Amino acid sequence: MGVILNFVTMLRYFGLPISPDETITAQKAYQILGTQQKEIFHFGLRAAIVKKKEDLHIFDTVFDSFFTRQSSTNSTPSDPESYERAKNRFISRLEGTPYQEIGQEILEDQVNHAIQTAVEMVGDGEGSSGQSIGNELSNLQRTLQRAFNLAFGVKVPIRDLTPSQRQVLPDQTIQLAANLQFFEQGIKKRFQEQLQDTSLDQEEEPVNLSSIDSFLYQDLSFVSMSVANVKEQLIEIGRILASREKRRRKRAKRGKLDFRRTFRKNLANNGVPLDLVQKKKQIQDPDIVILNDVSGSTRWVADWFFAITYAAQGVFKKIRIFEFDNTMVEVTAALRKKTINRALEERSKCWEKTLRPRRIHSDYQSSLEDFFHLIKFRPLNRRTTVLILGDCRDCEGTWRTAGPISAELLYKVVLPTKRVIVLNPEDESLWNTGDSVVQYFQTVGAEIFHVATLNDLIDFVFDLKRN
Amino acid sequence: MTFSSEIDLATQKYISNPEIDITLQLALKLNRPILIEGPAGTGKTSVAISMAGALNWKLFRIQCYEGITFESVIGEFDYKRQLLHIELERQKSTSSSLINFEDIFSRKFFIERPLFHSFIENEPNVLLIDEIDKSDEEFEAFLLEALGERQITIPELGTFKAKNDQQIVILTSNSSRDLSEPLRRRCLFLYIDFPSPERERKILAAHTGRNFDDPLIQSIAGIIQQIRQYDLRKVPSIAETIDWAKALVLLGKEHIDEPTLRETITVLLKYQEDISRLEKQLSEIIRIGTK
């Protein structure tokens with residue numbers, strides 16, 4: 001059971017929520033399959049432990065480290081004698097020793113030495129064995145927990161202690177807990193390097209509602225933050241929106257009372273209509289085309305919006321996203337990537353294949369010309385709603401006497417579609433000043449709205465499903 | 001300890017891979033349901049059908065849809081028969097108090113449906129719950145008892161435990177919605193993606209009667225792998241590839257050129273948008289795919 005327990009411990013550190021029942025199943029699989037045929041063992045254990053496609057990659061990487069390196073490293077560890085000595089000393093002196101009798105020396109020297117040795121092994125990578133690290137980690141945890149229990153007569157996991165509980169603990173114990181954390185972080189760091197995926201980043205603070213609220217209601221005109229810094233919060237917002245939308249959709253599907261079915265269903269109740277059956281409405285998913293302005297002033301709003309759309313994409317089945325400054329690219333393919341990091345990478349790749357050389361400044365004219373080229377295989381139709389997220393500042397577009405050429409092009413977008421909506425984060429007092437072309441866009445039939453906060457923006461986009 | 005698979009899916013023309021074989025075998029040994037996820041058309045449903053065939057077990061199938069209910073899969077009382085029975089009993093007897101009302105809520109008046117059949121079946125069987133993601137969350141929650149405890153409860157009739165240990169439950173999902181954690185926890189997990197070129201060649205060979213290294217089979221597999229690289233609305237699945245291969249064999253083609261691909265591409269691609277997108281790339285796809 002030890003091997004599987006240690007392996008499960010390791011997987012849990014990397015975010016896989018493995019229940020005791022799954023651990024037992026994994027153990028049974030281990031007994032049935034054996035370890036001689038690695039491929040069989042690998043696939044069997046994977047079937048028993050992993051429950052989501054997104055976790056397959058984490059499992060494979062940890063499995064590889066835990067079991068594959070075992071054979072090569074057990075024979076030639078970097079410093080086997082010192083490590084074994086430290087470990088044995090550490091375990092033999094702590095095993096069964098009441099907490100009060102654990103001396104300062106053990107706590108500060110032996111434990112630290114054992115931890116340091118293990119961390120070094122983690123650090124150098126080549127000489128480490130996932131299994132021995134997992135063993136060491138389990139030993140440390142058990143010992144620490146026992147020490148806590150003996151000292152305070154409570155059985156609270158160390159991680160769950162409140163700050164006030166921690167205050168009454170002796171310094172040595174706090175130090176031990178800190179060391180354990182350091183040890184864990186060492187392991188995490190190494191695996192994160194291997195996985196290259198920040199979705200495993202367990203060190204980030206969990207998102208709480210107040211931080212999400214602060215994002216949603218901040219004035220867009222005064223905030224500028226890179227998507228990398230707020231990625232987790234944006235993904236969380238997207239998920240909340242998706243689940244809210246799913247529930248709303250379910251309710252919206254209920255139509256009028258279906259008398260025929262209600263009557264049939266309630267025959268069993270002697271015709272008394274206890275169970276009502278409602279007709280189901282067919283909800284047509286709207287075609288939504290989003291054009292995000294990623295030029296200087298609105299870039300970060302577009303970035304945020306992309307991250308939220310990525311997390312909530314299940315809600316919009318027929319969505320296409322384009323981004324533009326002086327040229328336009330389609331980034332819809334990026335939404336299909338498994339993790340937000342890969343989606344962002346794919347999004348950057350899309351920008352490597354622009355139809356014309358890229359400049360930083362916005363040019364609605366050339367962007368819309370590119371747009372017509374990009375949609376030639378799937379033209380706009382009467383079910384399409386086009387949503388432009390931008391400040392309507394056509395810095396580099398050319399003008400005729402009647403107005404900018406971009407307005408003429410936008411008219412060609414307005415004609416075949418249901419609606420063209422422009423969401424402008426810029427303060428209304430600045431509209432139609434300088435290079436702002438808001439009035440011309442309004443003239444050709446685009447509806448322009450001011451979105452002051454991220455919440456306004458989200459509400460607007462999600463309301464499209466209702467309008 | 002060594003491990004060997006007892007299920008030979010190849011007898012059912014299902015070309016599996018080690019991961020599929022091992023998961024099925026493990027489900028058999030551990031008596032656990034399997035949740036199979038993956039893109040549409042990658043052979044998830046066929047795994048269950050082929051497994052039942054390979055083991056010579058009975059297959060019970062529940063096709064999930066939005067609004068599927070407990071009654072649709074377990075069964076319901078036949079109200080009309082119950083009424084007739086009461087009327088009959090009334091005519092026989094002068095006093096209605098002699099009617100045994102417990103009788104009308106017995107198995108005799110119960111219309112049994114696939115899940116119930118599967119549980120009371122004495123013979124080994126495979127229960128396929130297809131496209132579970134299309135059902136509502138309530139239905140998913142109802143399945144937990146059947147999957148975890150291997151029993152179903154009908155208030156009027158009591159609890160029915162699965163009659164034999166040789167029952168495998170296979171659930172498939174296209175991930176159109178996220179399934180609940182409790183359901184996932186009760187199942188072994190298998191993800192079936194699009195096949196590797198080698199496995200695809202074996203599948204095509206099995207379904208067309210050609211050899212694995214036949215040039216036509218190699219070309220088809222190579223071209224399909226190339227087409228899947230493009231960002232399409234609907235990527236061709238294994239089922240479509242098999243249809244295309246059969247069409248080419250029926251047309252007597254021994255190699256694939258641009259006109260052939262153009263004429264038959266509608267078998268593979270189901271959206272005009274996708275066809276238009278690949279129109280100018282066909283020669284390039286053939287060149288790389290048949291290399």
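Contact here means heavy atoms within 4.5 Å. This is a predicted model, in which local features need pLDDT of at least 70 and side-chain atom pairs count only at pLDDT 80 or more, while totals for chains, interfaces and linings use all residues. Residues are numbered from 1 along each chain as its sequence is written, and chains are lettered from A in the order in which they are written.

**Helix packing in chain B**
- Ile20(B), Leu24(B) and Leu28(B) of helix H1(B) meet Val47(B), Met51(B) and Leu55(B) of helix H2(B); helices are DSSP runs of H or I with at least four residues, numbered from the N terminus.
- The residues of this contact comprise 6 nonpolar, no polar and no charged (Ala, Val, Leu, Ile, Met, Phe, Trp, Tyr, Cys and Pro count as nonpolar, Asp, Glu, Lys and Arg as charged, and the others, Gly among them, as polar).

**Extent of the interface**
- Chain A contributes 37 residues to the contact and chain B contributes 31.
- Between them, chain A and chain B bury about 3,300 Å², 55% of it on carbon and sulfur atoms; buried area is the accessible area (1.4 Å probe) that two parts lose on being put together, summed over both.
- In chain A, the residues that lose the most area to chain B are Ile32(A), Lys51(A) and Phe377(A), together 19% of what that side buries.

**Salt bridges**
- The rule finds 3 salt bridges across the interface of chain A and chain B, each a side-chain nitrogen of Lys or Arg within 4 Å of a carboxyl oxygen of Asp or Glu.
- Arg32(B) forms a salt bridge with Asp21(A), with the closest N and O atoms 3.1 Å apart.

How values were computed: Side-chain values use heavy atoms; hydrogens and water are left out. Helices (H or I, at least four residues) and strands (E, at least two) are DSSP runs, numbered from the N terminus.
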